[in-house]
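Subject: the two-chain model, with notes

Hi,

Here is the structure I promised to pass on. Have a look at it first, then read on for what turned up.

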Amino acid sequence: MSSEAPKTAGQEDAAQERGVRLAIRILLALGLLSVLAEFVIHRHTEFGFSALPGFYALVGFAAYCAIVLGAKALRPLLKRPEDYYGD
Amino acid sequence: MATELWLHPASLLYLAAALIWLLPKAGGRVLAVVAPLGALAALWLLPGGLSLSFAGLDWEFWRADRLARLFGTVFLLAGALGLLYAWPENNRRIFSAGLAYAGSAVGATLAGDLATLFLYWELTALASLPLLIYRHPDYGLSLNALLRYFALQILSGLLLLYGIVERELAGLGLGFDAIGLDSPGGLWILLGFGIKAAFPLLHNWVQDAYPRASPAGTVLLSTFTTKLAIYVLIRGFAGTDILVPIGVVMTLFPIFYAVLENDLRRVLAYSLNNQLGFMVVGVGIGTPLALDGAAAHAFCHILYKSLLFMSMGAVLFRTGTTKATELGGLYRSMPWTARFCIVGSASISALPLLSGFVSKSMIMAAAVYEGQAWVWVALLIASAGVLDHSGIKVPFFAFFAHDSGRRVDEAPRSMLLAMAITAAGCILIGLAPGLLYALLPLGSDYHPYTADHVVTQMQLLLFAGLAFVWLFRSGRYPDEVRAANLDFDVTYRRWIPQSVLAVEGGLAQAGGRLGAQAGRLAQSLLAGWRRVGSDTGALGGTPAVGWMTAVFLLLAALVGGWLV
């Protein structure tokens, strides 16, 4: 039977990709759920600007992107050969 | 009296550190784990304090209050776990130094006067040094790095000593209570503490030295020195305003380096720096909730940071590297190490039900109560950064990502046991934060598990996680690259030594061409400088160490001048 034959690298990759896609969908669903939950619970707002619905979602996404892309932009400036200091 | 002194946890640990060299190795291993636990019992049995006058000064050799006991407790717990983790390395130097290091750290937390504190402060520097003697598979054994580390630790001690002398001369006495920036010696003491707390620009010794130690060496190093600095800041500089911006910079600045760094243990060293920033902000805010938050965060941080360094140490132990470019797919070979690493990652990311969530939020809440909107936003942004470097990058590039093809054994059993207990601690504190809160010095009443707090934190983490998914899958996430990234230490490792050589060369030319007297004088001064400090000089191993030595001698002379 074909299912008992050893999986090829391609098949394994495809299976892994399916798993990853499922995980991403779950992450997305939980994310949406966490935003919707805000309308059900009573939320204390810390400051005026943080009263915006989905404020934390926005900050999480934007700050993460800014940090990672900011670091990436700094790399040409900071990067030196691995043995730069020689010790 | 003598029996009481023997019950001092530091004495007990120093005794054990000496016994390690007399016992057979198997017995030494057991002693290394049992002694910190014995010292923990001694810490809680220790009577309130011991003061006496000696040599014209008022000493308080120990003062066992709630703050000291809290830090002493976590030092000793983490010490026992770190030394259990050290079993596979089976190295007397690590067992002995680890015990002496733990003893010095606990002695320092118990010190009731600044002179006793100074003594233990220097002993932590001395005791930690042998942990850095390690032939790292990637970096080898670097004497220069060792000297740089030691030089900065000693500089910290000299600054502390200078401040202490100024206070004594101003008639303030030796008592170690609130110091503040405005009192005599306050600035020097803060700078001395600031080196060990890895303040901005004084921070690079952490990232330089820690990743070079052995697996267990780094775990032990990550526990004591920097958190001792947080402890003394709480004691001496609570509510010092300048600490708030300093702490904010600490939470943000190292993040960018953590994102770019290839060596995953160096990523964790930058991450350590960022976590210290949260605590420093707490000390700067200075309200009871903020101070309890800083203490609680130090407690949780010691455990999850140990756990993270343990997991990466196990990877180093098995594969001989922690470079992200060389790793990936290790979950197949080291599934338990991977799981424990994820517990540490989720804890540091402040996922609800784990330890980071119940302590970091105290500091954030304190910022809100004080109306510090920008501080709060900065900490929120930094929290997203933590999720990247420690929450995702470390486990992802070591255990998942592209399979490196490495097939190794799972970590040794004693390493796994140490990781399991530490992970259990992170989960226990997350599930039952009351256990930790009961130990806090100021008895803050705080409830982390409110519906809105859990929901908003989940929003932050889930959407930051989604940002990673988007960046990684669209190819925007920066590749792991083998590189050195310039940080502030380039000044004392390259620029200053190089400019000294350049100026010297220039003067030699000027002196030769013009025959000017001034040129010759300057040249001979610089030649003297080189004799003291350069590669071939009496004091130096490198130009960097040489000029640092000169700075110390200057400071030592200043202190000496005051004393006379």
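A definition before anything else: a cavity here is a set of grid points where a 1.4 Å probe fits but cannot get out, and its volume is the space filled by probe spheres set on those points. Please also keep in mind that this is a predicted model.

**Cavities**

By that rule there are two cavities of 30 Å³ or more. The second largest cavity holds about 60 Å³ of space. Its lining is made up of Leu132(B), Tyr134(B), Gly140(B), Leu141(B), Ser142(B), Ala145(B), Leu146(B), Ala209(B) and Arg212(B). Sorted by class, that gives six nonpolar residues, two polar and one charged.

One of those lining residues, Leu146(B), is also touched by Leu129(B), which contacts Tyr149(B) and Phe150(B) as well, leaving out residues up to four places away in sequence. Leu129(B) sits in the loop between helix H6 (114–128) and helix H7 (143–169) of chain B. Its relative accessibility is 18%, and the cut-off for buried is under 20%, so Leu129(B) counts as buried. Leu129(B) and Leu221(B) are 92 residues apart along the chain, and their C-alpha atoms are separated by 9.4 Å.

The largest pocket contains about 1,300 Å³ of space. It is lined by 33 residues, and the closest to its centre are Ala23(A), Ile392(B), Phe396(B), Phe400(B) and Phe468(B). Four helices each supply at least two residues of this lining: H1 (9–40) from chain A, and H15 (335–348), H17 (373–399) and H20 (451–473) from chain B. By class, the lining has 20 nonpolar, seven polar and six charged residues.

The second largest pocket has a volume of about 560 Å³. Of its 26 lining residues, the closest to the centre are Glu46(A), Ser361(B), Ala365(B), Tyr446(B) and His453(B). Helices H16 (355–369), H17 and H20 of chain B are the elements that give two or more residues to this lining. H16(B) provides the largest share, with seven residues.

**A closer look at H16(B)**

Ala350(B) has a phi near 65°, a positive value in a residue other than glycine. It lies in the loop between H15 and H16 of chain B, and with a relative accessible area of 2% it is buried. Ala198(B) is not a glycine either, yet its phi is positive, about 60°. That residue belongs to the loop between helix H8 (186–196) and helix H9 (204–209) of chain B, and at 0% relative accessibility Ala198(B) counts as buried.

**The interface**

How many residues of chain B are in contact with chain A? The count is 60 residues of chain B against 47 residues of chain A. The area buried between the two chains is about 4,800 Å², and carbon and sulfur atoms give 70% of it. On the chain B side, Gln459(B), Phe463(B) and Leu486(B) supply 13% of the area buried against chain A, more than any other three residues.

**Two more residues**

Thr218(B) is in helix H10 (residues 215–223) of chain B and counts as buried, at 0% relative accessibility. Leaving aside neighbours within four places in sequence, Thr218(B) is in contact with Tyr210(B), Ala213(B), Arg265(B) and Phe309(B).

Asn91(B) is placed in the loop between helix H4 (66–85) and helix H5 (92–110) of chain B. At 24% relative accessibility, Asn91(B) counts as partly exposed. From Asn91(B) to Leu380(B) is 289 residues in sequence and 42 Å in space, C-alpha to C-alpha.

Cheers

Terms used:
Residues numbered from 1 in each chain as written. Chains lettered and ligands numbered in written order. Predicted model: local features only at pLDDT ≥ 70, side-chain atom pairs only at ≥ 80, totals over all residues. Heavy atoms only, no water. 1 Å grid on protein atoms, 1.4 Å probe; cavity = no way out; pocket = protein on both sides within 12 Å on 5 of 7 lines; lining within 4 Å. Nonpolar A, V, L, I, M, F, W, Y, C, P; charged D, E, K, R; others polar. Contact = heavy atoms within 4.5 Å. Buried area = accessible area lost by both parts, 1.4 Å probe. Buried < 20%, exposed > 50% of the residue type's maximum accessible area, 1.4 Å probe, protein only.
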